[in-house]
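Please look at the sequence and the structure shown here. The paragraphs that follow take up a few places in turn.

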Amino acid sequence: MRPGYLLLPAKRGFITFSIAAAFILNILPWGSRAAVPDFLALVLVFWNIHQPRKVGIGIAFLFGLLMDVHEASLFGEHALAYTLLSYGAISLHRRVLWFGLLGQMLHVLPLLLLAQLTLLAVRLVVGGDLPGPWFLLQPLTTTALWPLAGWLLLAPQRRAVDRDENRPI
């Protein structure tokens, strides 16, 4: 984002569409592989940082339950992870926005690692096996998509309210 560039408010319809699209990307057959990013977690973190009053912990919990149903995993596993993820993002949202792109990525990575480690802890508590180190690739690939998510999800907010050739904004 250019410094000094004013953004329009995000529309609820676009936020809803982006979260639904991220959920659809997560439930595609390729979503269960190790290095495939968690698109839903990325979009939830993004909107919790940029619009914490429109996307909150309740939305994260609901979509976490939907992910649990889809993956036939322990009911509430993803809901707990996404809830903690959203809580952390909302807690840090003012701080994260002060940083540039690299600084934002360094703030988002621990949140995504926390969510992944929460999934691991729940699976281990119920008697699951310890996965290999590839399990930690997903937060890294998800964090690598942060610049693309910012560019895509902020694009509708960058347009002028009324188009005028003489106005720079």
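Where is Gly 56 found? Gly 56 sits in the loop between H2 and H3. The model is a predicted one, and what follows describes the predicted coordinates. Gly 56 has a relative accessible area of 19%. Because buried means under 20% relative accessible area, Gly 56 counts as buried.

Which residues does Gly 56 touch, leaving aside its neighbours within four places in sequence? Gly 56 is in contact with Asn 48, Ser 86 and Ile 90. Ser 86 is 30 residues away from Gly 56 along the chain, yet the C-alpha atoms of the two are separated by 6.8 Å.

H3 packs against helix H4 (77–96). The axes of H3 and H4 are 7 Å apart, and the angle between them is about 155°. Angles over 145 degrees count as roughly antiparallel, and H3 and H4 are therefore roughly antiparallel to each other. Their crossing is right-handed. On the H3 side, the contact is made by Ile 57, Ala 60, Phe 61, Phe 63, Gly 64, Leu 65, Met 67, Asp 68 and Glu 71. On the H4 side, the residues are Glu 77, His 78, Ala 79, Tyr 82, Thr 83, Ser 86, Tyr 87 and Ile 90. Sorted by class, the contact of H3 with H4 has 10 nonpolar, 4 polar and 3 charged residues. Ser 86 and Ile 90, which take part in this contact, are also among the residues that Gly 56 touches.

The loop between H3 and H4 holds Ala 72. Most residues other than glycine have a negative phi. Phi of Ala 72, however, is near 55°, a positive value in a residue other than glycine. Is Ala 72 buried or exposed? With a relative accessible area of 69%, Ala 72 is exposed.

H1 passes H3 in a right-handed crossing. From H1, the residues that meet H3 are Ile 19, Phe 23, Asn 26 and Ile 27. Their counterparts in H3 are Ile 59, Phe 63, Leu 66, Met 67 and His 70. The residues of this contact divide into 7 nonpolar, 2 polar and no charged. Phe 63 and Met 67 belong to the H3 side of the contact with H1, and Phe 63 and Met 67 are listed in the contact with H4 as well.

The next topic is aromatic rings. How many aromatic pairs does a search of the whole structure find? The search finds 5. One of them joins Phe 14 and Trp 47 edge-to-face, at 6.2 Å centre to centre and with 85° between the planes. Phe 14 lies in helix H1 and Trp 47 in helix H2 (residues 39–50), so the pair ties together parts that are 33 residues apart in sequence. Another edge-to-face pair is formed by Phe 46 and Trp 47, with 5.1 Å centre to centre and 80° between the planes.

Phe 14, at 24% relative accessibility, counts as partly exposed. Trp 47 is at 0% and counts as buried. Phe 46 is buried, with a relative accessible area of 1%. Ring pairs link Phe 14, Phe 46, Trp 47 and Trp 146 into a cluster.

Notes. Residues are numbered from 1 along each chain as its sequence is written. This is a predicted model: local features need pLDDT of at least 70, side-chain atom pairs count only at pLDDT 80 or more; totals for chains, interfaces and linings use all residues. Side-chain values use heavy atoms; hydrogens and water are left out. A crossing is left-handed if the near helix is turned anticlockwise from the far one by less than a right angle, and right-handed if clockwise. Helices (H or I, at least four residues) and strands (E, at least two) are DSSP runs, numbered from the N terminus. Contact means heavy atoms within 4.5 Å. Ala, Val, Leu, Ile, Met, Phe, Trp, Tyr, Cys and Pro count as nonpolar, Asp, Glu, Lys and Arg as charged, and the others, Gly among them, as polar. Rings of Phe, Tyr and Trp (its six-membered ring) pair if their centres lie within 6.5 Å; planes under 30 degrees apart count as stacked, over 60 as edge-to-face and the rest as tilted. Buried means under 20% relative accessible area, exposed over 50%, partly exposed in between (1.4 Å probe, protein chains only). Axes are lines fitted to C-alpha atoms, for helices over the stretch in contact, and angles run from 0 to 180 degrees between N-to-C directions. Angles under 35 degrees count as roughly parallel, over 145 as roughly antiparallel, 65 to 115 as roughly perpendicular and the rest as oblique.
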